[in-house]
Amino acid sequence: MSFLVNPFTRSSRAGDAWFPAGTASSYPNVDDSTRVAEQRKCLDKYTPGCRIFHVPREDSSKAVEVAIDDWKDSLSGDAKDQVMVFQYKGKFVAINHECPHSSYPLSKGTPFDIEDFGVVLSSGITCPQHDWSFDLHTGKSDRGSYKLLVWEIQQRPTADRQGETDIWVRRKQKIG
Ligand code: FES
């Protein structure tokens, strides 16, 4: 018997698995007027524009939501292993919560359209700590070689609610 081996995949790790991040309708649709974490009306109540999850590297099924004002890790004091999920102008994105420059929480950042002569090419977020910006889809910075970690995100139909979708997130898979 012979086995076909795909050289571009690696064995899956529990820390790379998908985890659910709530229903799509529980996320306000954020625009570029203010910082992501600002409260906005959604489903008849006010809620932060993003949700933060702590996702253990060794097992993402143990992901837990972190209150927006309670993001500091009790041991390290930083936002390590946290993903920030939000909806910007109708598109869902998931990025590392900590800024790749100096670990400032990007929930305090402000999203914006990346334009060229009036044509929207992509979207980004500006970190207020030193005003660096990062592309929300490629992670590229407007300065230096710092790169924001962008997570994978999917919308899947909710099992028992027609028309509703669930948001699923996982760490970006590396090829090879
Ligand atoms: S910490 Fe974000 S730009 Fe410096």
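Which residue stands opposite Q155 in β13? The legends below take up this pairing in the view of the β1-β13-β12 sheet, after an overview of the chain, which is a predicted model.

**View 1. Overview of the predicted chain, an arrangement of strands without helices.** The chain holds 13 strands and zero helices, and its elements, read from the N terminus on, accordingly run β-β-β-β-β-β-β-β-β-β-β-β-β. Of the 176 residues in the chain, 28% are buried, and among the contacts between residues at least 6 apart in sequence, 49% join residues that are at least 24 apart. The mean pLDDT of the chain is 89, with 90% of its residues reaching 70 or more. Two stretches call for caution when the model is read: over residues 1-5 the pLDDT is below 50, and this stretch has zero contacts in the model beyond near neighbours in sequence, while over residues 7-11 the pLDDT is likewise below 50, and two contacts are found there beyond near neighbours in sequence.

**View 2. The sheet of β1, β13 and β12, with the pair formed by Q155 and I167.** Three strands make up this open sheet, in the order β1-β13-β12 and with antiparallel pairing. The edge strands are β1, which covers residues 19-23, and β12, which covers residues 152-157, and each of them pairs on one side only. On average, and with direction ignored, neighbouring strands of this sheet are turned by 30 degrees against each other. The antiparallel strands β12 and β13 are joined by six bridges, and the residue that stands opposite Q155 in β13 is I167.

**View 3. The sheet of β9, β10 and β11, with the hairpin that links β9 to β10.** From one strand to the next, the twist averages 40 degrees. Between β9 and β10, the latter spanning residues 119-126, the antiparallel pairing extends over seven bridges; D116 has V119 in β10 as its bridge partner, and P111 stands opposite I125 in β10. The two strands form a hairpin with two residues between them, and F117, which lies in the turn, has a positive phi of about 50 degrees.

**View 4. The largest nonpolar core and the surroundings of F53.** The largest nonpolar core consists of 30 residues, and those with the most contacts inside it are C50, F53, V83, M84, V85, F86 and I95. Two or more residues are given to this core by each of β5 (50-54), β7 (82-88), β8 (91-96) and β13 (165-170), and β7 gives the most, with five residues. When residues up to four places away in sequence are not counted, F53 touches A21, A63, V64, E65, V66, Q82, V83 and V85.

**View 5. G109, a buried residue in the loop between β8 and β9.** G109 lies in the loop between β8 and β9, and it counts as buried because it has 25 C-beta neighbours inside 10 Å, where the cut-off for a buried residue is 20 or more. Leaving aside neighbours within four places in sequence, G109 is in contact with R35, V36, I125, T126, C127 and P128. One of these, I125, is the β10 residue that stands opposite P111. From G109 to W132 the separation is 23 residues in sequence and 9.9 Å in space, taken C-alpha to C-alpha.

**View 6. A14, an exposed residue in the segment before β1.** A14 is found in the segment before β1, and it counts as exposed because there are 12 C-beta neighbours inside 10 Å, where the cut-off for an exposed residue is 12 or fewer. Not counting residues up to four places away in sequence, A14 touches E58, D59, S60 and S61. For one of these, S60, the C-alpha atom is separated by 6.2 Å from that of A14, although the two residues are 46 residues apart along the chain.

Note on methods:
Residues numbered from 1 in each chain as written. Predicted model: local features only at pLDDT ≥ 70, side-chain atom pairs only at ≥ 80, totals over all residues. Core = buried A, V, L, I, M, F, W, Y, C linked by C-beta atoms within 7 Å. Helix = DSSP H or I, 4+ residues; strand = E, 2+ residues; numbered from the N terminus. Contact = placed C-beta atoms within 7 Å. Pairing = 2+ DSSP bridges. Axes fitted to C-alpha atoms, helices over the stretch in contact; angles between N-to-C directions. pLDDT = per-residue confidence, 0-100.
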